[in-house]
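Below is a short report on one model. It goes from the whole chain to single residues.

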Amino acid sequence: MRSLTPPPSSPDIDSSILDPDPAPRPALPEAPECFADLRLDTIFARVTSSVWSEYGLERFYHDAPTDLRVVAFRQAVMRETERADLQPALLRFAERMRAVRRELDSQARSAHPLEAARFFLRAAQAYVDAVSALHGVLSLAELTSEGLRRWRDALARCVGSTGFAALAADCATTADGLARVSYHVRIDGLRVTVMPADDSPDYAAEVEHLFARFRGERMQGAAPQSAHAGHLDPVEAQILTLVARLHPAPFGALVAFCAAHAEFQDARVTRFDAELPYYLAFSEALAPLRRAGMTFAYPAVSATDKTLDLRGAFDLALAWELHALSRPIVDADVSLRDAERLMVVSGPNSGGKTTFARMIGQVHYLARLGFPVPGRSARCPVSDRILTHFERLDDLREGRGKLQDDLLRMHRILDRATPASLVILNEIFASTTVVDALYLARRILAELSARDLLAVCVTFLEELSTFDEKTVSFVAGVDRADPTIRTYRIERRPADGRAHALAIAAKRRVTREWLLRRLDA
Amino acid sequence: MRVGLLFPDGRDWVPAPLARDDPALIQDLDLETVATAMGNGDAFLHTAARNALLARDEADAATIRFRQEVMQDALAHPDAIRGLYSLAVDADERRRRGSFGYFTRSAGTRLWASVALLQALLDVLRHTLRSADRDECTSRGLRDMLGTIRTELGGPYLDDVARHLEQLEFRRGVLLSARLGPRLEGVDYAVRRANGGLARRLQRTLGRSSRRLTFRIDDRDEAGARALSELKDRAIRDVALAAEEAATHVTGFFEQLRRELAFYVGSLNLHDRLTRLGCAVCWPNPVPGPEAAWSLQGLRDIGLVLRTGTPVVPNDLDADGRRLLIVTGANQGGKSSFLRALGVAQIMMRAGMFVAAERYEAVPPRGVFTHFRREEDATLTVGKFDEELSRLDAIVDQLRPGSLVLLNESFAATNEREGSEVARQIVTTLPERGITVVFVTHLHEFARTLFDEHRDDTLFLRAERLADGTRTFRVRPGAPLETSYAPDLYHEIFGRPGDGAN
């Protein structure tokens, strides 16, 4: 018997759930330049962690479509994979297919032929379970997305084949025969005897009865020491050989099974299995946030309309971090109307400005992948590029050399920016004088404005907030009641703030009104 | 087997880990001084005392009386209680010393260690029974505990156990049953008693042992021998587990006995100490709520008695029907000491102990909370007033009807007018929800306004200061006065005659 690995997907397979017209994609595209600035690297590191790490999903996530048709195709599939009646079945499918790979891997590494054969049988069982169960669910479901409908047809052809039916039947009978085998072993010194099972009484039960009165709560830390993480040790292997001689029939069936079903995986199934985690991994990563009450919305996307309208949007990377600390996240509304294109964000340090800028970039990128975005509702254009320029904190240089680098980077961005691009500038020229910074920033904003593209500019220069008629001012807020507190709330408005004792008492929920409410709760 | 010396329903007393505001409570009420006296140099007793004082479990009047009875037993037979305690310590230390525990990996070793420990503990149990038989106990707690040991572990049973322990060594090999698992490995290994089954004996008689297949591990095959002993180990796991659970249970009993007796032994220590210092103690009378009741005579600040070694000035209080106590008056006049004495007495009554008073009657509090002015400011980012209120915020989360809140110079970290308004909202609202508040304050505007309203639920107390400026350290009913006598203090410290004090 030879070891099996899933065959590579071939171009003639008829259904992809990622592209309406499947085309070969680059083997492993590099992450877009904006990834680190927007913390998309953090986001997708989390998405591809845990069970999803084995799929190489980065090759999909680094390559966001710019074609509205593809975006819409994926969004439709994503919506369906998130349906409560479908997602559990899809997750189970992926889990079983992972089990198939694990068992085949164990088989390849097994030194004992009988044990290897059993791993192979278990791989086949997991495969049959995966395919049959998913077919059962999908065949009854009302599907609307083009991607999943095409896959369902492919799946039906696969399950309907005679090969699959034989595989399923043989799996069941072979496994059943082996599960019925039982025997006795006597260990005396180094001598081991295997014999048929008989009715000798259970001594452990007698001892347990003796000590029964002391059995309050079960002991902790005394969990069964599962000796084998993986394979049979030499003693078990010898015992197994003798057990097989005591019970020749079920072991004969196992040998026959391996010969008959050497190649049991269908290429259509393996392709689906490779692509499905693109959706499941992202959805699972959002699950804890959704349970905590955060909402995600499928954005209305457009190739022509540049309207940006986000309600209750937030930074996804930060959301996980705050969730882990059980702290609430502050969201923001962004609504650009008509010709408004340029968002200038000013306000106090550490007031949430950078987070706001990242959030806008993340929304644009996630929308292109067909994913729901953080917030109650969202509308945004399909951008062709997301270009970012963030102040590098680790760059200690100052003066001319650094300014020169900054300008070179800006130049590159302007070279590549088209009217369909999103540009995000974060505290550029922060290390130069105010006069210089103002002069340069105005030049840059004029260039961006001329291209009529969407841009976010985070700055300490309040003068920029009234740059031109396309400019909208956003301000990082402080608490009106207690100006020592930053709210991290970014609001569309020009700027202001003050404190007294009762306001602090209200903040701490110890005014009379609050106390009554709390004590009566 | 339950110890049940602290709860009438026989429940185990399990000390909770320090809560977030326990350090503040310990510091504010000087509980460490009390716990130190109870520990009397023994770290275990000290910790147990602190845990008992800080306990947050519900302690109703019945529980308090139950503990008072056990404690009276202890005071009547101090030597018997201390003797029982040292047996419990002995058993508990055996457990700590032994190789018994989760760290020994192999089931064989664990089985052996458990068996050895069980045998040692059974000896201690026999001693316990003998020593307990001698003494006349009248309290329900002690009588029930000793009765349990006697019925659960009579002599015949212990002998039965000893016989089985010998068999558990498996000197003549071990017979196992098994099935095939998911990797064709053996699973569900179970030890069988050989020669026990009828079919087995028949087989032997009829000579049908032909279907036996045997192999032998080579003497030099170390890996094989190890694998075999691991297999055997897995098989006797259930047996080892049962023995280990039994050993754990018996050690757990002694551990619990030690923990619960430690509270009473600590109380004995404190009682000895206070009696020697001439400080009066009495059994408090716990009154069921919800109506406010709090009256006492000759109450002393235990911490101060212990630290100074003198029976300090006692105070009286008659606050039945009052939920808000406002204490004003001279600096260094004994206000804080009075506040501490009240708090500690409520805590000790709640724990089931005696209190340092001549007469004491009160509703047991459902939680005691302190909010004392802090000298240092922990952080720079949050204002001091904000920090004060954030501590209060955390306290409010835990308040229930029947809780006691002790405020010492709270709300002073802002100007007086604003502080007064905030103070008023807080200290008048809490009593409306059944929470008792004692507030030591210098906020004059607040205290005066409240006094002029003649509220029925409010009692005004004042630290006494004689006409010549002498402080008696007595706190008596009295209206708030105009000044806080800070000039007095100033002059006392700086030693110049006053020229503008009024």
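How many Å² does the accessible surface of chain A come to, and what percentage belongs to carbon and sulfur atoms? The accessible surface is about 23600 Å², and 52% of that belongs to carbon and sulfur atoms. Accessible areas come from the Shrake-Rupley method with a 1.4 Å probe, and for residues only the protein chains shown count as cover.

## Basis of the model

This is a predicted model, in which local features need pLDDT of at least 70, side-chain atom pairs count only at pLDDT 80 or more, and totals for chains, interfaces and linings use all residues. Residues are numbered from 1 along each chain as its sequence is written, chains are lettered from A and ligands numbered from 1 in the order in which they are written, and side-chain values use heavy atoms, with hydrogens and water left out.

## Chain A and its confidence

Chain A has 19 helices and 14 strands (DSSP runs numbered from the N terminus: helices are H or I of at least four residues, strands E of at least two). Of its 521 residues, 51% are buried. Buried means under 20% relative accessible area, exposed over 50%, and partly exposed in between (1.4 Å probe, protein chains only).

The mean pLDDT of chain A is 85, with 86% of its residues at 70 or more; pLDDT is the predictor's confidence in each residue, from 0 to 100. Residues 219-228 of chain A have pLDDT below 50, and this stretch makes 18 contacts beyond near neighbours in sequence (contact means heavy atoms within 4.5 Å). Residues 393-399 of chain A are also below 50, with 3 such contacts. Where pLDDT is low, the predicted coordinates should not be read in detail.

## Helix 8 of chain A

Helix 8 of chain A covers residues 162-179, and its 18 residues should span 26 Å at 1.5 Å a residue, which agrees with the 26 Å between its end C-alpha atoms. The expected span is 1.5 Å times one less than the number of residues. The buried residues of helix 8 are F164(A), L167(A), C171(A), T174(A), A175(A) and L178(A). They lie on the same side of the helix because they cover an arc of only 105° around the axis (the arc of the directions from the helix axis to the C-beta atoms).

The face turned away from that buried side carries the exposed residues T162(A) and T173(A). Cover for the buried residues includes helix 6 (113-140), helix 7 (146-160) and helix 11 (248-260) of chain A, together with strand 1 (174-180) of chain B.

## Contact between the chains

Chain B gives 88 residues to the contact and chain A gives 79. Between them the two chains bury about 8200 Å², 61% of it on carbon and sulfur atoms; buried area is the accessible area (1.4 Å probe) that two parts lose on being put together, summed over both. In chain B, R183(B), L213(B) and F215(B) lose the most area to chain A, together 10% of what that side buries.

R512(A), in helix 19 (residues 512-520) of chain A, is partly exposed at 31% relative accessibility. Leaving out residues up to four places away in sequence, R512(A) touches Q425(B), T429(B) and E432(B). I435(B) sits in the loop between helix 15 (416-432) and strand 11 (436-440) of chain B and is buried, with a relative accessible area of 0%. With the same exclusion, the residues that I435(B) touches include L519(A) and R400(B).

## Positive phi

D338(A) is not a glycine, yet has a positive phi of about 45°. D338(A) is in the loop between strand 6 (332-336) and strand 7 (342-346) of chain A, and is exposed at 76% relative accessibility.
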